[in-house]
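Subject: Handover of a structure

Dear colleague,

Please find below the structure that I am handing over to you. I would be grateful if you could read the notes after it with the coordinates open.

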Amino acid sequence: MKAAAKKYNTTYKKKIDIHRDTFLPRRSPKEIIQCSGCGAFYHRRHWTLVSPAGFNPPVHVHPVYCPACKKIKERCPSGEVDLLGVGAGDRGEVLRILRNEERRAREKNPLERIMRLAGAEGGWKVETTTEKLAQRLGRALCKARGGKVAYRWSHNNKFLRVLWRNEAAGERV
Ligand SMILES: [Zn+2]
């Protein structure tokens with residue numbers, strides 16, 4: 001247990017220095033920006049998936065990206081969920097829970113996205129654009145499937161690693 005905790009505190013040191021505000025484009029508050037990647041709109045200091053009234057698609061000289069698309073391009077996640085003990089038979093259901101939760105989070109805040117989903121040692125690793133979404137995914141898995149969830153913030157609270165352990169896996173993991 002001690003060894004594991006140490007590992008989690010050191011892995012992401014390089015990435016956590018990037019503050020999310022540095023991703024926000026500096027424009028006049030009245031201007032509407034559309035992300036060239038995901039199509040989200042920035043209007044009145046908020047990102048939304050709904051086209052604001054009076055929006056005319058601008059002719060972009062340079063592509064503009066929202067903070068989520070920038071993080072995805074730069075492989076710079078703010079959260080991570082490690083799933084342990086997910087058997088082959090559970091994969092479809094677990095994936096459905098994750099995607100469903102992401103879709104609901106994104107409707108409220110388009111910047112909350114799953115950026116990567118990969119097989120890892122003994123389970124899966126899910127990377128998210130916000131720490132909030134990682135937390136939300138952990139909570140959703142626990143609610144739907146039981147099991148145990150643990151949250152580990154980095155020392156400056158800008159990166160969250162969530163560990164979820166499938167209950168059915170018992171002591172094997
Ligand atoms: Zn985007």
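This is a predicted model: local features need pLDDT of at least 70, side-chain atom pairs count only at pLDDT 80 or more; totals for chains, interfaces and linings use all residues.

Residues are numbered from 1 along each chain as its sequence is written.

The protein chain holds 4 helices and 8 strands; helices (H or I, at least four residues) and strands (E, at least two) are DSSP runs, numbered from the N terminus. Their order from the N terminus is α-β-β-β-α-β-α-β-β-α-β-β. Of the 173 residues in the protein chain, 30% are buried (20 or more other C-beta atoms within 10 Å of the residue's own, with C-beta atoms placed from the backbone). Taking contacts between residues at least 6 apart in sequence, 63% join residues at least 24 apart; a contact requires C-beta atoms, placed from the backbone, within 7 Å.

Helix α3 (residues 91-108) packs against helix α4 (residues 131-145) at an angle of about 130°, and their axes are 10 Å apart. The axes are lines fitted to C-alpha atoms over the stretch in contact, and angles run from 0 to 180 degrees between N-to-C directions. α3 is therefore oblique to α4 (angles under 35 degrees count as roughly parallel, over 145 as roughly antiparallel, 65 to 115 as roughly perpendicular and the rest as oblique). On the α3 side, Ile97, Leu98, Glu101, Glu102 and Ala105 meet Leu133, Arg136, Leu137, Ala140, Leu141 and Ala144 of α4. The residues of this contact comprise 8 nonpolar, no polar and 3 charged (Ala, Val, Leu, Ile, Met, Phe, Trp, Tyr, Cys and Pro count as nonpolar, Asp, Glu, Lys and Arg as charged, and the others, Gly among them, as polar).

The largest nonpolar core has 27 residues, of which Cys66, Val81 and Leu137 touch the most other members. Such a core is a set of buried Ala, Val, Leu, Ile, Met, Phe, Trp, Tyr and Cys residues joined through C-beta atoms within 7 Å. α4 gives the most to this core, with 5 residues.

Ala40 lies in the loop between β1 (33-34) and β2 (41-43). Ala40 is buried, because 24 other C-beta atoms lie within 10 Å. Leaving aside residues up to four places away in sequence, Ala40 touches Cys35, Trp47, Thr48, Leu49, Cys66 and Pro110. Ala40 and Cys66 are 26 residues apart in sequence, and their C-alpha atoms are 7.4 Å apart in space.

Yours sincerely

Definitions and conventions: Two residues are in contact if their C-beta atoms, placed from the backbone, lie within 7 Å. A residue is buried if 20 or more other C-beta atoms lie within 10 Å of its own, exposed if 12 or fewer, and partly exposed in between; C-beta atoms are placed from the backbone.
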